[in-house]
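Colleague: Before we look at anything in detail, could you show me the sequence and the model together?

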Amino acid sequence: MARAIWTGVITFGLVSVPVGLFTATEDHTVHFHQLQRGTSDRIRNRRVNERTGEEVDAGDIVKGYEVDEGEYVVVEPEELDEIAPGRSRTLEITDFVDLDRIAPVYFGRSYYVAPRGKEYLKVYALLRTALAETGKVGVATFVMRNRQYLTALRAEDRVLVLQTLHWADEVRDPVEELPELPSARTGRGKELDMALRLVDALSGPWEPDRYRDTYQEKVRDLVRAKAEGEEIALAEEAPRATDVVDLMDVLQGSLDRAKAAAPSRDAPSTRAELRELSKAELYERATERDIAGRSRMSRDELVDALAGADERRKKSTAA
């Protein structure tokens, strides 16, 4: 069972509901230790004085803000504690805004919000339903771990999701920051028409289970291969940049490949062929064939369901 990382009260108007905040995601990145080459000796980081090279005790470290080259304003830890906002227990919604009015660049981390007790379910559900039916999010601030956050509270299926937002002065203006941007929207022409057709050919429903972190899989395969003394598969080279001169040919080739892939994914397969596919690929095929209950199926169950659907289709065609 997950543990709340923050507890408090959501308020909107005079209504309040005690809630807990839970992390909505988890990190599956492969983590390595640092070792000295040729040994199994761990490398440790130490805090050292840049000038003397001597190690410094944590209690002797203060923070310094550089106001000029080599000139610092020193701030003691207790001075920061005195002005810190403390641990707020209130998440007060001050505004309700349309979700699609908040640019994606403003969103940060996601958390689940749950009521702290069955007696608060009704008020919690009331807020979730109101947000769901209006398509709005509640904008609120709260304090966690001596830091103030701007947040957006939105409704998902049965649950409220809290997403941290970047403050306005944290978001960079792309026109000012980026070296090259198109001066205007691309005009209509054969290239754009072809690109729109390609987008349409590759369009489909959002199915998050279809996607996976292939790089992390390759890292794990690399570790396993080295541990077992196996040969290491090298990655393919990155594709070369598309030249404006051959843009139409590249677009046409992409469109042809997308069209050719569609029927092949729909073609019947043997169980042996299906077992060669990843779970994400199996799920993709199950989605295309609208197999009921696919989101709850294991890999083997997806194989059975797809194979069964193929067998039924073969019998139907033969009949």
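Modeller: What follows is a short walk through several features, each with its criterion and then its case here.

Colleague: What kind of model is this, and how are its residues numbered?

Modeller: This is a predicted model, in which local features need pLDDT of at least 70 and side-chain atom pairs count only at pLDDT 80 or more, while totals for chains, interfaces and linings use all residues. Residues are numbered from 1 along each chain as its sequence is written, and side-chain values use heavy atoms, with hydrogens and water left out.

Colleague: How many helices and strands does the protein have, and what share of its residues is buried?

Modeller: Helices (H or I, at least four residues) and strands (E, at least two) are DSSP runs numbered from the N terminus, and the protein has nine helices and nine strands. Buried means under 20% relative accessible area, exposed over 50%, and partly exposed in between, with a 1.4 Å probe and protein chains only; by that criterion, buried residues make up 23% of the 319 residues.

Colleague: Which residues of helix α8 are buried?

Modeller: In α8 they are A280, L282, Y283, E284, R285, A286 and T287. Because seven of the ten residues of this helix (residues 279-288) are buried, α8 is largely enclosed by the rest of the structure. Just after α8, D290 takes a positive phi of about 55°.

Colleague: Which residues does R210 contact, leaving aside its neighbours within four places in sequence?

Modeller: Contact means heavy atoms within 4.5 Å, and on that basis R210 is in contact with P205, A280, Y283 and E284. R210 is found in the loop between α4 (190-201) and α5 and is partly exposed, with a relative accessible area of 26%. The C-alpha atoms of R210 and R285 are separated by 9.7 Å, although these residues are 75 apart along the chain.

Colleague: How many salt bridges does the structure hold?

Modeller: A salt bridge is a side-chain nitrogen of Lys or Arg within 4 Å of a carboxyl oxygen of Asp or Glu, and the structure holds ten. One of them joins D310 to R289, with the closest N and O atoms 2.5 Å apart; this pair links distant parts of the chain, since D310 is in helix α9 (residues 299-318) and R289 in the loop between α8 and α9, 21 residues apart. D310 is buried at a relative accessible area of 1%, and R289 counts as buried at 15%.

Colleague: Where does the pair of E228 and R224 lie?

Modeller: An α-helix has 3.6 residues a turn, so residues three or four places apart point the same way. Here E228 and R224 are four residues apart in helix α5 and therefore separated by about one helical turn, and they form a salt bridge whose closest N and O atoms are 3.3 Å apart.
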